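These are my notebook entries on one structure. I set down what I looked up, entry by entry.

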Amino acid sequence: QVQLVESGGGFVQSGDSLRLSCAASGIPFDRYVMGWYRQAPGKQRELVAQITSRGTSHYAESMKGRFTISRDNAKNTVNLEMNALKPEDTAVYYCNAKENSLGMGPRNDYWGQGTQVTVSS
C-alpha cells in the first residue's frame, strides 16, 4: 500500500510561516520526483514546487522567493517551508510522488489526502 501523509497545516496570520511535511511509504522514494500542489475552493489544483530525486527544485513563479522545498531520502520525507504567507495562499496542500521516467512505459503517480492551510488577513 502506497501512502503519502501530509502534516503541518494550520491557521496563521498574514506574514507568518509554516513548514509542511510529507511522509512517504510503499515506494522506492529515491526513484520519485516529489512535489507539493495546492487547491483552493473553486479552483483547479496547481503546482507549488517540485524536487527531483537528486535535489533539483522547481517552483511556480508566484511561489518563488517565499517557499522552499527540500527532501530527505534517508527518511522518505519531503518538506515545504512557506514564508510571508498571504490570504491567497489559503488552500489544501497535497503531496505528490511521480516515478522517474524510465522510457519504458507509464509512470506511477501518487497523491496524499492533503493538509489545510488557512491564512487570515
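**Entry 1: the disulfide.** I began with the torsion about the S-S bond of Cys22 and Cys95, which is about -80°, so this disulfide is left-handed. A disulfide is here a pair of cysteine sulfur atoms within 2.5 Å. The sulfur atoms of Cys22 and Cys95 lie 2.1 Å apart, and by this rule the count comes to 1 disulfide. I noted that the pair links distant parts of the chain, with Cys22 in strand β3 and Cys95 in strand β9, 73 residues apart. Strands are DSSP runs (E, at least two residues), numbered from the N terminus.

**Entry 2: basis of the values.** The model is predicted, so I recorded that local features need pLDDT of at least 70, that side-chain atom pairs count only at pLDDT 80 or more, and that totals for chains, interfaces and linings use all residues. Residues are numbered from 1 along each chain as its sequence is written, and side-chain values use heavy atoms, with hydrogens and water left out.

**Entry 3: are the two cysteines buried or exposed?** Cys22 has 1% relative accessibility and therefore counts as buried; Cys95, at 0% relative accessible area, is buried too. Buried means under 20% relative accessible area, exposed over 50%, and partly exposed in between (1.4 Å probe, protein chains only).

**Entry 4: strand β9.** I found that 7 of the 9 residues of β9 (residues 91-99) are buried, so the strand is largely enclosed by the rest of the structure. I then looked up its partners; two strands pair if DSSP finds at least two bridges between them. Strand β4 (residues 32-39) runs antiparallel to β9 and is joined to it by 8 bridges, with Val33 opposite Lys98. Lys98 also has Asp109 of β10 as a bridge partner. Strand β11 (residues 115-120) pairs with β9 in the antiparallel sense over 3 bridges, and there Val92 has Gln116 as its partner.

**Entry 5: the sheet that holds β3.** An open sheet of 4 strands has the order β1-β3-β8-β7, with antiparallel pairing. β1 (3-7) and β7 (67-72) stand at the edges with a single partner strand each, so one side of each has no neighbour in the sheet. Strands β3 (residues 18-25) and β8 (residues 77-82) are joined by 6 bridges, and Cys22 stands opposite Val78 in β8.

**Entry 6: Asp89.** I located Asp89 in the loop between β8 and β9. Its relative accessibility is 1%, so Asp89 counts as buried. Leaving aside neighbours within four places in sequence, Asp89 has contacts (heavy atoms within 4.5 Å) that include Arg38, Arg66 and Val117.
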